[in-house]
Amino acid sequence: MTTAETPQVRSAVQALPAYVPGRPPETRPGVTTYKLSSNENPYPPLPGVLEAAAEAAATMNRYPDMGCSALYAALAERLGVPAGHLAAGTGSVAVLYHLLQAFCETGDEVVYAWRSFEAYPIAVAVTGATSVRVPLTAGARHDLDAMAAAITERTRVVIVCSPNNPTGPAVTRTELEAFLDRVPTRVVVVLDEAYREFVRSEDVFDGVEVYRDRPNVVAMRTFAKAYGLAGFRVGYVVAPEPIAAAVRACALPFGVSSIAQAAAVASLAREDELLERVDAIVAERDRVVSALREQGWDVPDAQGNFVWLALGERTGAFAAAAEEAGVMVRPFAGEGARVSIGEPAGNDVLLGVTAAFR
């Protein structure tokens, strides 16, 4: 049988880079291990959230609410937006896939900073569009001037990840507004705010506030990080109604489970308590950053729940040393390692590794 007689995978799919998740640690006798490789919230779910999820699980024989009506109602009230301006999916990355499917096809371009979230080039390539990667500045920040200059007639979407995963710095409101003024209104601008609750820098932008005055701006958020629902996969966008409707049209039917929806709604009701935990993570992040800088590390401004170590060719050796000590980090070969902020004990083990590695 010749190649022509067998099913042929699209060339765009054949060329997809692999998404590399953070590895969990392996159990080792006598060694306490810590997973600092996936930017997860180290705290367990709050009791009210766990109970809501358990109650929803009792009806797992039924399909979930495809319209996410309870979740949209809770988000609409919390954010002060119409329910028709919301679109949910199985994590913010799934919502991004749906958005790109709605607006991009072969020959189109999507502009974003690099290095940034590694799912971006995969999501773009699936549509047949082309990624236009704009290098970060020396401070591991978005180069918004260069990103604006990279927009062409073929550009359909621009993604701004703030704080930037995996490097950490956040875009300021002043920077963002100046950038948006240069972006044609025909281009959709996605503000990826997966880590927004952890930002403590000055002049912070709020994507929902920005979208209110911009017909092409989308705020993309998740319940995975600050809200601690990484295992349930719930993300959403707030966007002008035509954009939100297009995202919903491309979504998989019944994508967000009943359990996930119930947990997300309960999390919004417990938001004050959840954000107290975020404050604790931020305090621990600041402790780790200070200690790393005292050790001599050049750490970019960390505004997420992680830190970035630009290790270059030593990245693999560092990841191996951390794993030997019981800490799993997320290496990016030849570039650096992202380390999540976890339990204080795990962070202390990490600091021991970084002190020895210098």
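User: Which strands does helix α3 lie across, and at what angle does it run to β2?
Analyst: This is a predicted model, so keep that in mind. Helix α3 covers residues 69-79 and lies across β2, β7 and β8. Its direction relative to β2 comes out at about 130°.

User: What about helix α5, which strands does it touch?
Analyst: Helix α5, residues 119-127, packs on the sheet too, and its direction makes about 170° with that of β3. The strands it touches are β3, β4, β5 and β6.

User: Which strands stand at the edges of the sheet?
Analyst: Let's go through the order: the open sheet of 7 strands reads β2-β8-β7-β6-β5-β3-β4, with mixed pairing. Each edge strand has a single partner, so one side of it is left without a neighbour in the sheet. Those strands are β2 and β4.

User: How does β2 run relative to β8, and which residue stands opposite A88?
Analyst: β2 and β8 are joined by 4 bridges and run antiparallel.

User: What kind of pair do the rings of F223 and Y236 make?
Analyst: First, where they sit: F223 is in the loop between β7 and β8, while Y236 is in strand β8, 13 residues apart. F223 is buried at 2% relative accessibility, and Y236 is buried at 7%. Their ring centres are 5.8 Å apart and the planes meet at 45°, so the pair is tilted.

User: Which residue lies over the face of W114?
Analyst: W114 belongs to a cluster of ring pairs with Y112, F117 and Y120. Over its face, at 4.4 Å from the ring centre, lies R133.

Definitions and conventions: Residues are numbered from 1 along each chain as its sequence is written. This is a predicted model: local features need pLDDT of at least 70, side-chain atom pairs count only at pLDDT 80 or more; totals for chains, interfaces and linings use all residues. Side-chain values use heavy atoms; hydrogens and water are left out. Two strands pair if DSSP finds at least two bridges between them. Helices (H or I, at least four residues) and strands (E, at least two) are DSSP runs, numbered from the N terminus. Contact means heavy atoms within 4.5 Å. Axes are lines fitted to C-alpha atoms, for helices over the stretch in contact, and angles run from 0 to 180 degrees between N-to-C directions. Rings of Phe, Tyr and Trp (its six-membered ring) pair if their centres lie within 6.5 Å; planes under 30 degrees apart count as stacked, over 60 as edge-to-face and the rest as tilted. Buried means under 20% relative accessible area, exposed over 50%, partly exposed in between (1.4 Å probe, protein chains only). A charge sits over a ring if NZ of Lys or CZ of Arg is within 6 Å of the ring centre and within 35 degrees of the ring normal.
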